[in-house]
Amino acid sequence: MIAGMDADSVAGYFRSKSILITGSTGFLGKVLVEKILRVQPDVKKLFLLIRAPDVESAKLRIQTEVTGREIFRVLKENHGVGFDNFIEEKICPLVGNIMKENFGLDNSQLKEFSKDIDIIISGAATTNFFERYDVAFDTNVLGAKHVCTFAKKCPKLKMLLHVSTAYVAGEKEGLILEKPFLMGETLRVGTYLDIESELNLINKTKRELIANCSTDKVVRKAMKELGLKRARHFGWANTYVFTKAMGEMLLEHLHEGCPMVIVRPSIITSTLKDPFPGWMEGIRSQKLNICLLLTKVYNHM
C-alpha cells in the first residue's frame, strides 16, 4: 500500500468535497455512493447525473434504483428516522446525459454547477459485451469525451477518475503492464484505429440501412454485427472492451491540464464484508439464487 493512502486518509480526503458521479444507478455506482456516504458523512455534496425528463423523475430514479436498494440497509440503520433528511442534504440529482455535449445542460446551468465540483467519478457505461455499435460508441467513447470536456470547465477540479475495464488489454496471459492507450493504438499488429473514421462508418451504415427501409430489428442486428466485426478486426474480443479502449484513448489525448486517473477493474461480483457480506445485483444475483436453489434441492435428495 502506498504510504499515506490508508482507508482513513482516503475517507478524510472526501470531507467537504463536492463530487459528480456518473453511472450512479449502475451496480458499481450505487456501491460507491453508499460507501462515500457511510464512511464520510461530511462529504459536502454528491451530484448524481441521471437520465430523466425532469428533476422529480430523477429524484424518483435515485430513490428506487440507488438509495432504496438493499445495499443501503446499514446506512439506513445508522441514521434511523433521519435517513431521508440525510440523503436529501447530501445527494443532488442532476438531469443530464453523458452522450450529450455538456450533458445537455444549458450555459447558465453549466456555469453554476461546474464551479462547485471538486472531483468527478465517471462510471457511466454500457457494459453489454454485444451492444449495438452506435449505442456503445455514443456511451463509452463520446461519453468519455464529454466528461473530459466538462471536467476542464471545473475551476476547482482536483481529480477526474474514469472507470474502465481490465479487459481493454485483451485476452493475454501473464504480467500485463498498466499503460495508457495512445491514439490509433490497437491490439492487432498492422492495424491503425481512427476513432473519427469509426464514427463515420457507424453513421454511413445507419444511413444506408434507413435508405433501404430496414426495420428496427434489422438495424439493431446490423449494428451489433458491425461492432463485433470492428472489435475483432482490431484485436478486441467484443464491442464493450473495444469501445472502452477507445474511450481511454480520447481521455489520454484530451485530458491535458486536467488531473486524471483511469482505473481498470476486472470482474466485479459481490461484496466481501462491507457493508455486509454477499450483496450483489442484476443477473449476477439471479444466477446466484438459482445456484443456491439447486444446492438446496441437491442436499435434500
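Is glutamate 248 buried or exposed? At 1% relative accessibility, glutamate 248 counts as buried, because the cut-off for buried is under 20%. This is a predicted model. The mean pLDDT of the chain is 90, and 92% of its residues reach 70 or more.

**Glutamate 248 and helix H10**
- Glutamate 248 sits in helix H10.
- Its side chain makes a polar contact of 2.6 Å with the side chain of serine 164.
- A polar contact of 2.6 Å also joins the side chains of glutamate 248 and arginine 264.
- Setting aside residues up to four places away in sequence, glutamate 248 touches Ser164, Val168, Phe181, Ile262 and Arg264.
- Helix H10 covers residues 239-254. Its 16 residues should span 22 Å at 1.5 Å a residue, and the end C-alpha atoms are 22 Å apart, so the two values agree.
- Of the 16 residues of H10, 13 are buried, so the rest of the structure largely encloses this helix.
- Asparagine 238 caps the N-terminal end of H10. A side-chain oxygen of asparagine 238 lies 3.2 Å from the backbone nitrogen of tyrosine 240.

**Helix H7**
- Helix H7 runs over residues 133-151 and has 19 residues.
- From first C-alpha to last, H7 reaches 26 Å, close to the 27 Å expected at 1.5 Å a residue.
- H7 bends by about 35° at glycine 143.
- H7 is largely enclosed by the rest of the structure, because 15 of its 19 residues are buried.

**Nonpolar cores**
- The largest nonpolar core has 30 residues. Ile19, Val33, Leu37 and Leu46 touch the most other members.
- Elements that give two or more residues to this core include strand E1 (18-22), helix H2 (27-39), strand E2 (45-50) and helix H3 (55-67).
- H2 gives the most to this core, with four residues.
- Valine 33 is in contact with Ile21, Ser24, Leu46, Leu48, Val66, Phe72 and Ile91, leaving aside its neighbours within four places in sequence.
- A second, separate core has 25 residues, including Tyr133, Leu199, Ala222 and Met223.

**Glutamine 63**
- Glutamine 63 is in helix H3.
- Its relative accessibility is 48%, so glutamine 63 counts as partly exposed.
- Glutamine 63 and arginine 73 are 10 residues apart in sequence and 13 Å apart in space, C-alpha to C-alpha.

**Confidence by region**
- Among the elements of the chain, E4 has the highest mean pLDDT, at 98.
- Helix H11 (residues 283-299) has the lowest, at 43.
- The pLDDT is below 50 over residues 285-301. Beyond near neighbours in sequence, this stretch has two contacts in the model.

- Most residues other than glycine have a negative phi, and most peptide bonds are trans.
- Serine 16 is not a glycine, yet its phi is positive, about 65°. Serine 16 is in the loop between helix H1 (7-13) and E1.
- Asparagine 102 also has a positive phi, near 55°. Asparagine 102 lies in the loop between strand E3 (91-95) and helix H6 (107-114).
- With a relative accessible area of 13%, asparagine 102 is buried.
- A cis peptide bond joins aspartate 274 and proline 275, with omega about 5°. Proline 275 is in the loop between strand E6 (260-263) and H11.

Terms used: Residues are numbered from 1 along each chain as its sequence is written. This is a predicted model: local features need pLDDT of at least 70, side-chain atom pairs count only at pLDDT 80 or more; totals for chains, interfaces and linings use all residues. Side-chain values use heavy atoms; hydrogens and water are left out. The expected span of a helix is 1.5 Å times one less than its number of residues. Buried means under 20% relative accessible area, exposed over 50%, partly exposed in between (1.4 Å probe, protein chains only). A polar contact is a pair of N or O atoms within 3.5 Å; within protein, one must be able to donate a hydrogen and the other to accept it, and residues adjacent in sequence count only if both atoms are side-chain atoms. Contact means heavy atoms within 4.5 Å. A nonpolar core is a set of buried Ala, Val, Leu, Ile, Met, Phe, Trp, Tyr and Cys residues joined through side-chain atoms within 4.5 Å. pLDDT is the predictor's confidence in each residue, from 0 to 100. The bend at a residue is the angle between axes fitted to the seven residues ending there and the seven starting there.
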